[in-house]
Amino acid sequence: MKVAILTASTEVYKEKEEDKSGAMIRQIVEEAGLQIVFAKALPLDRKVLSTVMQRLSDGQVADLILTTGGAGCSPADCTPEATSDIIEKTILGIPEAMRMHMMKLTKRSMLNRAVAGIRGKTLIVNLPGKSGAVKECLEYLLPELVHGAEVIKGEA
């Protein structure tokens with residue numbers, strides 16, 4: 001399975017901060033035996049994010065796109081909107097399950113605005129922006145995300 005990792009953070013994009021959450025996704029994905037085909041930090045810019053996700057999906061570069069960052073309540077946060085701009089089918093259960101799982105650890109997870117959906121044969125999922133939350137969520141969700149991506153591709 002081919003996985004793309006997008007870190008939505010202007011500070012990481014400008015190399016002013018370390019990409020801890022993207023590195024966490026990479027570690028978990030590699031440990032699961034999945035192939036990382038694209039990993040990049042992008043600025044918090046709705047058009048940039050949606051364009052990159054669209055190209056990765058339409059070009060069938062990735063079966064699963066995992067984003068981190070930009071899904072909170074900050075004025076600059078726009079990852080859910082960028083994702084919603086390009087998905088063809090919304091999957092409500094993924095972010096619902098993620099938030100429900102995280103509510104056991106912190107009530108602040110209710111402020112996460114993540115979305116998930118399908119474009120073509122690609123599953124796109126917004127994960128939290130903090131590496132600890134990414135670890136908790138992705139370890140919880142990954143088996144079902146892999147299965148979902150396989151179903152979308154007609155392999156399951």
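What share of the contacts in the protein with a separation of 6 or more is accounted for by residues 24 or more positions apart? The share is 76%. The model discussed here is predicted.

**Overall build**

The protein has six helices and six strands. Read from the N terminus, its elements follow the order β-α-α-β-α-β-α-β-α-β-β-α. The radius of gyration is 14 Å, close to the 15 Å given by the globule rule for 156 residues, so the protein is as compact as a globular protein of that length. Along the principal axes, the C-alpha atoms fill a box of roughly 40 × 35 × 30 Å. Of the 156 residues, 47% are buried.

**Packing of H2 and H6**

Two packed helices are described by the angle between their axes and the distance between the axes. For helix H2 and helix H6, the angle is about 25° and the axes are 9 Å apart. Because angles under 35 degrees count as roughly parallel, H2 is roughly parallel to H6. Their crossing is right-handed.

| Helix | Residue range | Residues in the contact |
|---|---|---|
| H2 | residues 20–31 | Lys20, Ser21, Met24, Ile25, Ile28, Val29 |
| H6 | residues 131–152 | Ser131, Val134, Lys135, Leu138, Glu139, Leu142 |

Sorted by class, the contact of H2 with H6 has seven nonpolar, two polar and three charged residues.

Technical notes: Residues are numbered from 1 along each chain as its sequence is written. This is a predicted model: local features need pLDDT of at least 70, side-chain atom pairs count only at pLDDT 80 or more; totals for chains, interfaces and linings use all residues. Side-chain values use heavy atoms; hydrogens and water are left out. Axes are lines fitted to C-alpha atoms, for helices over the stretch in contact, and angles run from 0 to 180 degrees between N-to-C directions. Helices (H or I, at least four residues) and strands (E, at least two) are DSSP runs, numbered from the N terminus. Angles under 35 degrees count as roughly parallel, over 145 as roughly antiparallel, 65 to 115 as roughly perpendicular and the rest as oblique. A crossing is left-handed if the near helix is turned anticlockwise from the far one by less than a right angle, and right-handed if clockwise. Contact means heavy atoms within 4.5 Å. Ala, Val, Leu, Ile, Met, Phe, Trp, Tyr, Cys and Pro count as nonpolar, Asp, Glu, Lys and Arg as charged, and the others, Gly among them, as polar. The radius of gyration is taken over C-alpha atoms; the globule rule is 2.2 Å times the number of residues to the power 0.38. Buried means under 20% relative accessible area, exposed over 50%, partly exposed in between (1.4 Å probe, protein chains only).
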